[in-house]
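Student: I would like to learn how to read the contacts between chains and within them, one feature after another. Could we begin with an interface?

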Amino acid sequence: PEFLARFQRRIDAEEKIEPKDEMPEGYRRTLIRQIGQHAHSEIVGMLPEGNWITRAPSLRRKAALLAKVQDEGGHGLYLYSAAETLGVSREDMTEELLSGKAKYSSIFNYPTLSWADMGTIGWLVDGAAIMNQIPLCRCSFGPYARAMIRVCKEESFHQRQGYEIVMTLAQGTPEQKAMAQDSLNRWWWPSLMMFGPHDADSQHSDQSMAWKIKRFTNDELRQKFIDATVPQAEYLGLTIPDPDLKWNEDKGGYDHGPIDWDEFWRVVKGHGPMAKDRIKARRKAWDDGAWVREAALAHAEKRRARKIAAE
Amino acid sequence: PEFLARFQRRIDAEEKIEPKDEMPEGYRRTLIRQIGQHAHSEIVGMLPEGNWITRAPSLRRKAALLAKVQDEGGHGLYLYSAAETLGVSREDMTEELLSGKAKYSSIFNYPTLSWADMGTIGWLVDGAAIMNQIPLCRCSFGPYARAMIRVCKEESFHQRQGYEIVMTLAQGTPEQKAMAQDSLNRWWWPSLMMFGPHDADSQHSDQSMAWKIKRFTNDELRQKFIDATVPQAEYLGLTIPDPDLKWNEDKGGYDHGPIDWDEFWRVVKGHGPMAKDRIKARRKAWDDGAWVREAALAHAEKRRARKIAAE
Amino acid sequence: MAVWEALLELADDHLVLGHRISEWCGHAPMLEEDLAMPNMGLDLIGTARTLYDHAGKLEGKGRSEDDLAYLRDEREYRNCLLVERPNEDFALTMLRQFYFAAFMRPYWLAALKSTDETVRGVAGKAEKEMAYHIRHAGEWVIRLGDGTEESAARMRDAVEALHIYVDELFDSSDVAREAEAHGILPVRADLRDAWDRTVAEVFAEAFLDQPKAAYPQRGGREGIHNEALGHLLAEMQVVHRAHPGARW
Amino acid sequence: MAVWEALLELADDHLVLGHRISEWCGHAPMLEEDLAMPNMGLDLIGTARTLYDHAGKLEGKGRSEDDLAYLRDEREYRNCLLVERPNEDFALTMLRQFYFAAFMRPYWLAALKSTDETVRGVAGKAEKEMAYHIRHAGEWVIRLGDGTEESAARMRDAVEALHIYVDELFDSSDVAREAEAHGILPVRADLRDAWDRTVAEVFAEAFLDQPKAAYPQRGGREGIHNEALGHLLAEMQVVHRAHPGARW
């Protein structure tokens, strides 16, 4: 309790907690869970976009998409490293992902069904992610905060790139514009769900707020996202698929229609349309690659042995 | 020698030899080799055409191609059965194919590179096969002769169907006609090579002729094929890719330019462009299917055991 | 009248499954299956052709069977999710076939009384074909389920993988409901008992359990597919689309 | 002047290999390779873009990089056979990359003296990239060749599978010869020694033998490919072709 109070004072003073510092077990566990989920999301997130690399309709877009998916892998790598500073191995985290024990962002369990989705994911999904992540750049845990600064910078580049893809489609042929609208229709609600349940129904939140792991509530962030995104859609001439959406002068923000929480919970519980396919794909990559990882270890071992023998 | 003379008299009298009849070891070996090769050719021959089933440009053609490839599998089945009457198992023959010990028609080691190849293969490759096979319907070995009657009937249906595909292309858009011409350019010489080396360079032939396993020489059959095919190409408005091709009034047939025997032997020796891919594909099908075959055996065994227990 | 669209759903089911099974051609575990797979594929593609042709005529815009098959993209395809699932292995392929045929057999039997003559014609032929698919694929479900340890495990994996796609078979979209109201097509929900019985019989012999899907997957009828369909169509349509207007 | 066609051959090599390696994206054996593969893919696609653009300009018919990449079919593609070989496994993928880079590195070094400014520009960037590919893929060849029994067997299989496609790298087509005569592109045959040395060094550490192909496979430069390329292009071109004239 003494220690907890001291820890809280450091947090309140906006001091960064570093891996070697003492920390409450709950703080450590919360961070391991959250950073791990975040890392897994980056890794699984490579799949829906990876699905279109081989079909990208221009070489410029193909290169940009490849680079984007590579960035996501890179984010996964920093985040696993940040989690490792808390004493959990990448191998263990991977096993948790593949066994279905660890979660990742549900949004990646929706399928990418057209090229327009490569734009919409950048625009909405990365946009929502940034809303969630910018406050994390000031997270109390140092390695996570530093990783997030780099991640956010790249994500906002992705977000602009995604918006530009959608803009090109919206200004393109009627088929392209329809493709963009269809994609917005499919991704809008899942994007809103990325901010989690309404504050009233959210667990974890209070303690995370006190520990400054989290700095805004789900509903606050969702509202920011909607307010930022609606004018962008208008500019593109696309329609947000929410008949109840309207400007609320009093609160200076948009009111939105009801979110389908049944769908939310279904997808969060691992029953999204692509959930099994995602894990199967990662599991296959991992299993098929076992011999490669073993060979790399065996070779490193041989090299070490030869070096010692030569000394 | 007494027996050999008697056997030859039966052959000369056009009697059919049946599986239970005594026969010279060389006769049996020759037939096993030839029927086996023929069966393997049907099986491997499913691959180059199978390559276009998923891309056939109309549903009617897709269905016809699927049916054709199925027929080839069926031919493989009759022929393996005919060979089995000579005391060799399908399993053993399959192993010989997959180990590279047994040969199959080299023509299937060329790649199918456009839809037009589905026409050309029917027209030329099946056409050449029929030339080779019609005499086999009168082969001295009964089961082989009977299998060939059925095979030839279906092959000539395939040949007409192939010709009709080429005709549709030749009468189609300029791109389609170019596709047909390109395909003819690629398959013409390999089709001529299907008849084997010039008579002067051919092994096996004399004894096979005496045993009435073979009834015409390679060059005779090749000539028949050319004479039948050239007018068909002319009718289609396609050009046979042989500048030396011309009508020879004296012999009442076409003279053709020199065949590239280096290429012939290279391909016969297993170095055709798709040779490794073909065997790899068959080997993969076989290996991946091992658990299925084992399960079928295990289940049959369980069923038998339960039946006995119930009696 | 949206009946033509209901026929399109049916046609897409048959074409996509026929395409999937034809992918095995030349790669089956034994020669007998190298014959049986195209055989089933031919049945399905044949039915698809008649249905597309009829749908095109009812639509009345002059679209041919090939226009409907080759010139619609992934979001326009209306097949149920079950039929687009990738082949994976022989166990999953046979179970998928069995599930589909176990639905289509009673469907076509009921459709023998359709008010639409073409549908009756298709039904007469297709119900016999589906009876054969049930037999052929069902026997494999039994053999593999009651075969070796490996084959039983693979069958169980296949059941686990596919059971979430079953319920969609019994859903009727708005256009299907309209066709059902006119007595043109059978009511899908009515076929559940027959399906359950067929599956229960085979599963009993195969030592398999038929799980109830807590969260069934749906969406095919609205063109919300899994990612696999786009790749299937890319391949299927490539030659046709590269030569607009050509005859084949 | 057929120089633009010689650039097309080079561009096709880079695009096809870049496409192949990008197929691994999200499916690599470890996260580091999930980063390294797109990295190499980006190098290759970047080079392909500059070469297509330049080729299109030299051709002078207004064809853009995308016209050249997306609107030619299998028979029009001029890449060598090596780069189109399917990924199969990680061993084959790395060996293919190593073989190609071991050729392209000295190629670009020689091209630093090209009489064509754009080619010199590409060469300056690409030779460094290829040095990295040699290092990265070469190290994997060593690790796998001198790793476990399984990995060594797979490396040997990869060598057996790919060695017949090596000689084509050193062939110059007629159009390439023309570009070589003008000092625009390096003479391919001259690079054999450098390639042999690079490969010999790595193979010595990997305990692998470099076999001489008795019957090398050729044909890519005349558009006579293996069957795998058509499937690659079907997928690559599907969206672009479905929307003729659209901007992306």
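Tutor: The size of an interface is often given as the accessible area lost when the parts come together. Between chain A and chain D the buried area, meaning the accessible area (1.4 Å probe) that two parts lose on being put together, summed over both, is about 4100 Å², of which carbon and sulfur atoms give 67%. Thr54(A), Leu59(A) and Trp291(A) supply 20% of the area that chain A buries against chain D, more than any other three residues. This is a predicted model, in which local features need pLDDT of at least 70 and side-chain atom pairs count only at pLDDT 80 or more, while totals for chains, interfaces and linings use all residues. Residues are numbered from 1 along each chain as its sequence is written, chains are lettered from A and ligands numbered from 1 in the order in which they are written, and side-chain values use heavy atoms, with hydrogens and water left out.

Student: How many residues does the contact take from chain A and from chain D?

Tutor: With contact defined as heavy atoms within 4.5 Å, chain A contributes 48 residues and chain D contributes 49 residues.

Student: And how many salt bridges are counted between chain A and chain D?

Tutor: Side chains of opposite charge can pair when their charged atoms come close. Taking a salt bridge as a side-chain nitrogen of Lys or Arg within 4 Å of a carboxyl oxygen of Asp or Glu, the count between chain A and chain D is 5; Asp146(D) and Arg306(A) meet in a salt bridge at 2.6 Å, N to O.

Student: What does the rule find across the interface of chain C and chain B?

Tutor: There the rule finds 5 salt bridges, and Arg90(B) forms a salt bridge with Glu32(C), with the closest N and O atoms 2.4 Å apart. In this interface 49 residues of chain C are in contact with 48 residues of chain B, and Leu31(C), Leu35(C) and Trp248(C) supply 18% of the area that chain C buries against chain B, more than any other three residues.

Student: Which parts of chain A does the pair Asp117(A) and Arg186(A) link?

Tutor: Asp117(A) forms a salt bridge with Arg186(A), the closest N and O atoms being 2.8 Å apart. The pair links distant parts of the chain, 69 residues apart, since Asp117(A) lies in helix H6 (residues 116–133) of chain A and Arg186(A) in helix H8 (residues 174–193) of chain A, helices being DSSP runs (H or I, at least four residues) numbered from the N terminus.

How values were computed:
Helices (H or I, at least four residues) and strands (E, at least two) are DSSP runs, numbered from the N terminus.
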